[in-house]
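Here is a short tour of a structure, written for someone who is new to reading them. Take a look at the picture, then follow along.

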Amino acid sequence: MPIRGKKNAMAEAGETPARIAAPRSRKRIHWRAVLRAVHRDAGYSAVGLTFVYALSGLAVNHVADWDPNFRNSSEVHELNTRLPDDDAAAGKLVTERLAIDERPKEVYREGDQLEVLFEHRTLHVATLTGHVVDEQQKPRFFLRAANWLHLNRGKKAWKYFADSYAVGLLFLAGSGLFMLSGKKGLFGRGLFFVSAGIALPVAYLFWARG
Amino acid sequence: MKRRSFVGALMTGTVISALGGAAYVLADDEEERKARTALRPDGRPRLPPNQYLLKRLRPMGGDEGDPSPSGWRLQVHGEVENPFTLDFAGLLAMPQVEQTCDVHCVTKWTVLGAAFSGVRVADLAARANVKPSAHHVIFEAAHGYTSNVPLREALAPNVLVAHRYGGTPLGRPHGAPARALIPDLYFWKSAKWLMGVRFAAEDHPGYWETRGYHNHADPWKEERYG
């Protein structure tokens, strides 16, 4: 038995007197507290991907109204000149006249039409008249990457990340049900909101005959 | 703001937005009314049910392919006696068709009188000499996108491998340099950035068809979802 205030052999061997002296506590582990802690940390780690999937989901859901990946634009220019027969010379003339610094990736002639291709831009040039339709695509910085991930364009390993995230969301939804007890918990107001959340899609299915 | 009034304001806003959206969706202009009453030569209304009109095609996204005409190749293969590969010059060297047709997107927009130029799939099929065992055509596009069409419908005279739209070469968002065009089915069947036409003995549901969309996609029967 260690004596308070006295150094003893066990303490010399590395044990602190306090630790030795502490009565063995029989703390109960409260499952709801553990659930809340795990839910909290799982929630933190899901924030990034939730933003990616939710914003991309909003963007792609309205794909009929806009291009979620690119800003597309089209302009018409008149060069008022006949283009040279040599493709490279014709491409050079067009890019110079339109003050384009970028080097074309390709110059392709089909009949009296010249296609000058850049990374995100195509010039459709009528070689006889110098009429140019200038089509440009500017990738949307965040959304293009988010859509790429959301639609799993990369395949391979991303499938497993996406699956893990989906399982994580299931855990968050499931654990969220039991985080609170009492009248604000699942068997109080929670029941109302959970029922409403389930009833809405079910009602829509009936209404839309899905 | 108190919680109760916040929730009230939120619900009011939601109802107003929903009603506004419904009014917008239900609004019908003169041109649409005409298109609903006008009939096609086959007796079907020009505007299929629950579609609205747009002036030009919308891009509708997709995993964009290489727009380079010089790098483009179209493989015609599968249940055929003479499989072949076309480059872009080869496509232009085949008999060309100019047509105006209506196209219908599953997201409910329709463009009337869209002008396309290209080569009939029926001409590609004739050149490849399709075997009697072929019953379906699978349009193969960049990054593994596919769409499936019954052979009989793929060989209709208005089904093209199109490379021009609206008088100019096909734009990048519309699948440059060439796309499929199947005007009488919802537009997702008209694969952009086309790379192959495969004749198949059995049906192989494509990208959207395996994700819940209808396998056939007839706009007049509203075959939107499977």
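## A walk through two chains

A:Val76 stands opposite A:Val133, a residue of strand E5 of chain A. Before going on, a word on what you're looking at: this is a predicted model, in which local features need pLDDT of at least 70 and side-chain atom pairs count only at pLDDT 80 or more, while totals for chains, interfaces and linings use all residues. Residues are numbered from 1 along each chain as its sequence is written, and chains are lettered from A and ligands numbered from 1 in the order in which they are written.

E1(A) and E5(A) run antiparallel and are joined by nine bridges. Strands here are DSSP runs of E with at least two residues, helices are runs of H or I with at least four, and both are numbered from the N terminus. Two strands count as paired if DSSP finds at least two bridges between them. Strands of a sheet pair through backbone hydrogen bonds, either parallel or antiparallel.

What is the order of the strands in the open sheet of chain A? It's E1-E5-E4-E3-E2, five strands with antiparallel pairing. The edges are E1 (70-78) and E2 (106-110), each of which pairs on one side only. From one strand to the next, the twist averages 15°. Helix H4 (residues 87-97) of chain A packs on this sheet, touching E2, E3, E4 and E5 (131-139), and its direction makes about 115° with that of E2(A). Contact means C-beta atoms, placed from the backbone, within 7 Å; axes are lines fitted to C-alpha atoms (for helices, over the stretch in contact), with angles from 0 to 180 degrees between N-to-C directions.

Here are some strand pairs from both chains:

| Pair | Sense | Bridges |
|---|---|---|
| E3(A) and E4(A) | antiparallel | six |
| E4(A) and E5(A) | antiparallel | six |
| E2(B) and E3(B) | antiparallel | four |
| E2(B) and E11(B) | parallel | four |

In chain A, A:Leu114 has A:Val125 of E4(A) as its bridge partner, and A:Thr122 stands opposite A:Glu135 in E5(A). E4(A) and E5(A) form a hairpin with four residues between them, and A:Gly130 in the turn has a positive phi of about 80°.

Chain A also has a helix worth a look. H3(A) (residues 31-61) has 31 residues, yet its end C-alpha atoms are only 39 Å apart, short of the 45 Å that a straight helix would reach. The expected span is 1.5 Å times one less than the number of residues. Where is the kink in H3(A) centred? On A:Val47, with a kink of about 45°. The bend is the angle between axes fitted to the seven residues ending at a residue and the seven starting there.

On to chain B, which has five helices and eleven strands.

Strand E2(B) (residues 73-78) has a covered face of B:Leu74, B:Val76 and B:Gly78, and an uncovered one of B:Arg73, B:Gln75 and B:His77. In a regular strand the side chains alternate between the two faces of the sheet. B:Gln75 has B:Thr85 in E3(B) as its bridge partner, while B:Val76 stands opposite B:Val197 in E11(B).

How values were computed:
Contact = placed C-beta atoms within 7 Å. Buried ≥ 20, exposed ≤ 12 C-beta atoms within 10 Å, placed from the backbone.
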